[in-house]
Amino acid sequence: MEYSNNLASGLKTADGWTVTPAAKGLGKPRMLYLGKQGQLYVTRRDAGDVLMLTDQDKDGKFDNMIRVADFPGVHGITSKDNFMYLCNNNKVLRYPLNPDGTLGKVADTLIKDLPSGGQHANRTMDFGPDGKLYISVGSVCNDCKESDKETAAMLQVDPQTWKRTLYASGLRNTIGFDWHPDSKEMWGVDNGGDTKGDDWPPEELNRIVMGGNYGFPFAYGKKEVDKSREDPMGNTKEGWVKQTQPSVLEFPAHSAPIAFAFFDKGVNKGDALICWHGSWNREKPSGYKVQRIKFDGKGNAVGSEDFLSGFLIGNERFGRPAGVVIADNTVYISDDANGIIYCLKQN
């Protein structure tokens with residue numbers, strides 16, 4: 001693979017960071033996972049496969065790429081105890097990890113009946129500090145009352161029995177989620193609904209708690225009622241919303257959050273990164289960047305700042321950040337519009 005720093009010449013990083021392209025020509029790379037030996041795994045939903053990238057000469061650029069799995073619609077990826085877990089719209093597969101980082105040829109099908117994805121088929125998953133597997137299942141439509149309680153939800157799966165329970169509801173599409181390294185609390189970024197105007201509803205950062213209801217489809221943000229909806233059966237919107245959880249931070253509508261991850265160690269520990277994939281239906285585009293979410297010493301989200309920008313200049317769009325993975329002072333970002341993986345290093 002040959003690289004040109006010109007690919008990153010128009011991008012702006014946060015102070016103290018530099019950005020270079022680490023891989024290109026990848027089609028539509030989505031979610032990322034960093035292996036124990038520094039391999040970077042990339043899911044490609046459209047191609048239906050998983051790539052493993054390796055940096056054999058340790059120069060910060062991936063010089064070898066192999067396909068390690070074929071799985072139609074694959075999106076979510078995580079690993080535990082020498083197994084790699086992959087999911088698509090309705091299945092979760094488990095592959096044995098070989099010593100060289102490749103995956104075994106035969107996968108176990110652990111789950112095969114996740115709800116149909118409809119409008120939001122991009123499942124993501126990860127193991128929490130409690131050892132349970134968590135799976136995000138988006139709503140099947142833009143703005144409707146779901147008939148299946150497992151949609152617009154976060155599911156918790158017991159890895160001993162593979163039985164699942166409803167962990168949190170009212171989450172329209174929380175693709176990106178992670179656990180704060182100190183408090184161990186789950187946080188996630190939720191996509192607001194479309195067709196309600198350019199500026200509402202907001203995108204949300206939520207502290208996700210067991211049993212919490214986050215408002216969709218009757219409310220967004222800090223319990224702001226959607227007045228365009230009819231009352232739920234047996235209640236009013238206002239009455240229903242009283243029992244929901246408010247967001248912690250709000251962001252411009254239609255910015256489309258995808259990946260979300262915490263810095264787990266080092267000088268940045270406790271802060272997080274969000275990939276804003278970017279709006280498709282807003283008169284003035286929003287998103288198209290990566291932001292850093294600042295957390296205070298008590299584990300509370302208190303603000304945000306740009307971490308990687310330059311994908312949007314005026315109304316011109318030059319890329320769409322999708323996946324993120326963090327390793328100490330190195331961050332990898334996937335751009336699924338240009339087939340590039342960017343590497344950010346802290347000076």
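This is a predicted model: local features need pLDDT of at least 70, side-chain atom pairs count only at pLDDT 80 or more; totals for chains, interfaces and linings use all residues.
Q: Okay, how many disulfides does the structure hold?
A: The structure holds 1 disulfide, where a disulfide is a pair of cysteine sulfur atoms within 2.5 Å. Cys 141 is joined to Cys 144, with an S to S distance of 1.8 Å, and the torsion about the S-S bond is about -100 degrees, so this disulfide is left-handed.

Q: Is Cys 141 buried or exposed?
A: Cys 141 is buried, at a relative accessible area of 17%, whereas Cys 144 is partly exposed at 22%; buried means under 20% relative accessible area, exposed over 50% and partly exposed in between, with a 1.4 Å probe and protein chains only.

Q: Switching to the core, which residues touch the most other members in the largest one?
A: In the largest nonpolar core, which has 21 residues, these are Leu 273, Phe 307, Leu 308, Val 324, Val 331, Ile 333 and Leu 344. A nonpolar core here is a set of buried Ala, Val, Leu, Ile, Met, Phe, Trp, Tyr and Cys residues joined through side-chain atoms within 4.5 Å. The largest share of this core, 3 residues, comes from S29, a strand spanning 340–346; strands (E, at least two residues) and helices (H or I, at least four) are DSSP runs numbered from the N terminus.

Q: What does Ile 333 touch?
A: Leaving aside residues up to four places away in sequence, the contacts of Ile 333 include Leu 32, Cys 275, Val 290, Leu 308 and Leu 344, with contact meaning heavy atoms within 4.5 Å.

Q: How many residues of S29 are buried, and which strands does S29 pair with?
A: S29 is mostly covered, with 5 of its 7 residues buried. S29 runs antiparallel to S2, joined by 6 bridges, and also pairs with S28 in the antiparallel sense over 6 bridges; two strands pair if DSSP finds at least two bridges between them. Thr 20 stands opposite Cys 343, and Val 331 has Leu 344 as its bridge partner.

Q: Last topic, how many aromatic pairs are there?
A: The count comes to 16 aromatic pairs, where rings of Phe, Tyr and Trp (its six-membered ring) pair if their centres lie within 6.5 Å, and planes under 30 degrees apart count as stacked, over 60 as edge-to-face and the rest as tilted. One of them is Phe 260 with Phe 262, edge-to-face at 5.3 Å centre to centre and 80 degrees between the planes, and both of these residues are buried.

Q: Where do Phe 311 and Tyr 342 sit?
A: Phe 311 is in the loop between S24 and S25, and Tyr 342 is in strand S29, 31 residues apart. Their ring centres are 6.1 Å apart and the planes are at 65 degrees, so this pair is edge-to-face.

Notes: Residues are numbered from 1 along each chain as its sequence is written. Side-chain values use heavy atoms; hydrogens and water are left out.
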